[in-house]
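Hi everyone, thanks for coming.

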Amino acid sequence: MRGVPYSWGGGGPNGPSYGIEHGAHIRGFDCSGLAEYAWAKAGARIGGHTSTQWNAGTRIPRSQIRPGDLIFFAHDPARPATIHHVGIAVDATRMVHAPSTGSTVRIDTWAGDSYRELGFIGAVRPAT
């Protein structure tokens, strides 16, 4: 799905879709829609919002992140209610994600990136 446009509120278990509000005219994924689609392909239902996805499996220590784990970022890493972004681990340092309006699904390094490091709240391995 790399290269698919970001669409706020877009995507789900069946793939890219038109989003809502400023994503209403763009067929694509937002971060949680991409995660929901990827895990649906693996047979797991994790929900379509980061708050649901945060609780969709087992919390994984950073040192044990492996491909497919969900990586979460929050405005305040001490408060899960502030989670605003999710990516899918490619390995311990990179993730595939739908970053923001105007971008496309892509692979980025998150470990070592000061913005992402400050917001890292944890990782989840969804139950299949």
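Let's begin with the order of the elements: starting at the N terminus, the chain runs β-β-α-α-β-β-β-β-β-α-β. That makes three helices and eight strands. The radius of gyration is 13 Å, close to the 14 Å that the globule rule gives for 128 residues, so the chain is as compact as a globular protein of that length. Please keep in mind that this is a predicted model.

A few more overall values. The C-alpha trace spans about 40 × 30 × 25 Å along its principal axes. Of the 128 residues, 48% are buried. Among contacts with a separation of 6 or more, 46% are between residues 24 or more positions apart. The accessible surface comes to about 6,500 Å², and carbon and sulfur atoms account for 51% of it.

Now let's turn to helix H1, residues 31-41. How many of its 11 residues are buried? Eight of them are, so the helix is largely enclosed by the rest of the structure. On that buried list you'll find Cys31, Ser32, Gly33, Leu34, Ala35, Glu36, Tyr37 and Trp39. And what covers them? The cover includes helix H2 (50-54), S4, strand S5 (83-89), strand S6 (94-97) and S8. After H1 comes glycine 43, with a positive phi near 90 degrees.

Threonine 128 and glycine 43 are 85 residues apart in sequence, yet their C-alpha atoms are 6.3 Å apart in space. Leaving aside neighbours within four places in sequence, threonine 128 is in contact with Trp39, Ala42 and Ala44. Even with these contacts, threonine 128 counts as exposed, at 75% relative accessibility.

A search of the whole structure turns up five aromatic pairs. In one of them, the rings of phenylalanine 73 and tryptophan 110 have their centres 5.9 Å apart and their planes at 70 degrees, so this pair is edge-to-face. Where do the two residues sit? Phenylalanine 73 is in strand S4 (residues 70-74), while tryptophan 110 is in the loop between strand S7 (106-109) and helix H3 (114-119), so the pair ties together parts that are 37 residues apart in sequence. Are they buried or exposed? Phenylalanine 73 is buried at 1% relative accessibility, and tryptophan 110 is buried at 0%.

Phenylalanine 73 has another partner, phenylalanine 120: their ring centres are 6.3 Å apart and their planes are at 65 degrees, so this pair is edge-to-face as well. Here, too, distant parts of the chain are linked, since phenylalanine 73 belongs to strand S4 and phenylalanine 120 to strand S8 (residues 120-126), 47 residues apart. Both phenylalanines are buried. Put together, ring pairs link Phe73, Trp110 and Phe120 into a cluster.

Arginine 62 lies over the face of phenylalanine 120, 5.2 Å from the ring centre. Arginine 116 lies over the face of phenylalanine 73, also at 5.2 Å from the ring centre.

One last stop is glutamate 21, in the loop between strand S1 (17-18) and strand S2 (27-28). Its phi is near 45 degrees, a positive value in a residue other than glycine. Glutamate 21 is exposed, with a relative accessible area of 60%.

How values were computed. Residues numbered from 1 in each chain as written. Predicted model: local features only at pLDDT ≥ 70, side-chain atom pairs only at ≥ 80, totals over all residues. Heavy atoms only, no water. Phe/Tyr/Trp six-rings, centres within 6.5 Å; stacked < 30°, edge-to-face > 60°. Helix = DSSP H or I, 4+ residues; strand = E, 2+ residues; numbered from the N terminus. Buried < 20%, exposed > 50% of the residue type's maximum accessible area, 1.4 Å probe, protein only. Lys NZ or Arg CZ within 6 Å of the ring centre and 35° of its normal. Contact = heavy atoms within 4.5 Å. Rg over C-alpha atoms; globule rule 2.2 N^0.38 Å. Areas by Shrake-Rupley, 256 points an atom, 1.4 Å probe, with all protein chains shown as cover.
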